[in-house]
Amino acid sequence: MDLDVFVTAHRAEWDRLDALLRRQRRLTGAEADELVALYQRTATHLSLIQSSAPDPQLTGRLSQLVARARSAVTGTRRASWRDVTRFLSHSFPAAVYRSRHWWVPTALLSTVVAALLGWWIGTHPEVQASIAAPTELRELTRPGGQYESYYSTHPAASFAAQVWTNNAQAAAMCLVLGVFLGLPVLWILFQNMLNLGVGFGLMSSAGRLDTFLGLVLPHGLLELTAVFVAAGTGLRLGWTVIDPGPRSRRSALAEEGRAAVGMAIGLALVLFISGAIEGFVTPSGLPTWARIGIGIAAESAFLVYVYVLGARAARAGDTGDVEAAERSATVPTAA
């Protein structure tokens with residue numbers, strides 16, 4: 001391609017498109033049709049220049065021109081309650097459902113790891129001695145000790161907000177750091193299971209495992225499920241870096257990354273509910289069976305939400321990604 005000849009042949013079209021975009025008044029019907037046609041032609045010109053005779057200055061000018069034209073043609077879209085409803089009823093549950101082959105095994109393996117750590121700590125006094133001094137361990141596990149008072153020391157509302165913030169940050173880190181081949185996700189997950197295993201082991205060695213479970217299960221079922229979903233999704237994102245499948249690596253990461261961002265928002269809502277349970281239900285005077293029952297009900301509702309609404313949305317083709325009209329254009333790739 002002779003770039004000078006090409007520019008001379010099409011400069012008038014580009015200038016006309018720029019003039020239409022700068023027009024302050026409302027365009028007439030004919031001008032609007034002309035703008036669309038010029039936008040399409042200029043986008044084609046940009047593609048030809050990028051593939052045949054890349055020139056940084058000209059490519060930059062045409063890229064900016066095409067972007068402005070695209071914005072003018074498609075218009076500015078504002079989020080509405082319809083978007084919120086669709087996200088909660090379709091996109092988020094579909095994304096969680098689609099990643100179930102990652103987060104369900106993650107949940108099972110993590111639970112086994114936490115149980116083994118708890119058994120190891122609970123049956124080995126030397127391990128307990130390496131965690132804290134005997135007097136400190138007694139203070140942790142005695143009736144009214146730190147394991148119990150932790151949930152009632154602070155006002156319920158502020159405690160729930162603090163718990164929600166910490167858990168939402170952990171979930172977001174699992175989702176975001178998954179792109180680093182999932183290695184940071186495994187570390188975050190192990191730290192969570194280690195903390196759970198330590199509490200499990202110390203309270204069981206003190207003969208107060210029932211009390212520990214009565215404090216953890218009401219909020220922990222939903223909270224840990226949200227963490228497992230985040231970790232599984234992060235691991236899936238890391239595997240996408242290794243094996244993007246039939247998609248290009250860039251397209252695969254873009255699609256899975258957008259779904260992960262949506263997942264972070266949805267999981268923040270889930271963790272808000274678990275935080276409210278931890279702040280108001282766990283330290284309440286309700287019987288243990290009632291508190292655990294609330295936790296089981298919340299967990300069951302989430303699983304039904306994912307496996308009913310999510311499965312239905314996934315079968316309809318929803319992947320948890322943004323709608324097609326809001327995605328950047330992609331170049332087709334050969335299979």
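**Salt bridges and their surroundings**

Modeller: In this predicted model, E31 is buried, since its relative accessible area is 11% and the cut-off for burial is under 20%. The partner of E31 in a salt bridge is R23, and the closest N and O atoms of the two are 2.8 Å apart. R23 itself is partly exposed, with a relative accessible area of 26%.

The structure holds nine salt bridges. One of them joins R61 to D15, with 2.9 Å between the closest N and O atoms. Because R61 belongs to helix α3 (residues 56-74) and D15 to helix α1 (residues 3-22), this pair ties together parts that are 46 residues apart in sequence. R61 is partly exposed, with a relative accessible area of 33%, and D15 is partly exposed as well, with a value of 37%.

Helix α1 also contributes R16, which lies in that helix, while E34 lies in helix α2 (residues 29-52), so the pair ties together parts that are 18 residues apart in sequence. R16 and E34 form a salt bridge whose closest N and O atoms are 2.9 Å apart. For R16 the relative accessibility is 29%, which counts as partly exposed; E34 is partly exposed, with a relative accessible area of 29%. Beyond these pairs, a network of salt bridges links D18, R22 and R68.

S274 is found in helix α12 and is buried, with a relative accessible area of 0%. The side chain of S274 reaches the backbone oxygen of L271 at a distance of 2.9 Å. When residues up to four places away in sequence are not counted, S274 touches H219, L222 and E223.

Helix α12 (249-281) is also among the elements against which the buried residues of helix α13 pack; the others are α4 (81-98), α5 (100-123) and α11 (209-242). The buried residues of α13 include A290, R291, I292, G295, A298 and E299. Further along α13, F302, V306, G310, A311 and A313 are buried too. The length of α13 can be checked by simple reasoning: at 1.5 Å a residue, its 28 residues (288-315) should span 40 Å, and because the end C-alpha atoms are 40 Å apart, the two values agree. Just after α13, G317 takes a positive phi of about 105°.

L181 is found in the loop between α9 (156-177) and α10. With a relative accessibility of 45%, L181 counts as partly exposed, because exposed residues are those over 50%.

To return to the request, the salt bridges described here include E31 with R23, R61 with D15 and R16 with E34. Of the residues in these pairs, E31 is buried at 11%, whereas R23 is partly exposed at 26%.

How values were computed:
Residues are numbered from 1 along each chain as its sequence is written. This is a predicted model: local features need pLDDT of at least 70, side-chain atom pairs count only at pLDDT 80 or more; totals for chains, interfaces and linings use all residues. Side-chain values use heavy atoms; hydrogens and water are left out. Helices (H or I, at least four residues) and strands (E, at least two) are DSSP runs, numbered from the N terminus. The expected span of a helix is 1.5 Å times one less than its number of residues. Buried means under 20% relative accessible area, exposed over 50%, partly exposed in between (1.4 Å probe, protein chains only). Contact means heavy atoms within 4.5 Å. A polar contact is a pair of N or O atoms within 3.5 Å; within protein, one must be able to donate a hydrogen and the other to accept it, and residues adjacent in sequence count only if both atoms are side-chain atoms. A salt bridge is a side-chain nitrogen of Lys or Arg within 4 Å of a carboxyl oxygen of Asp or Glu.
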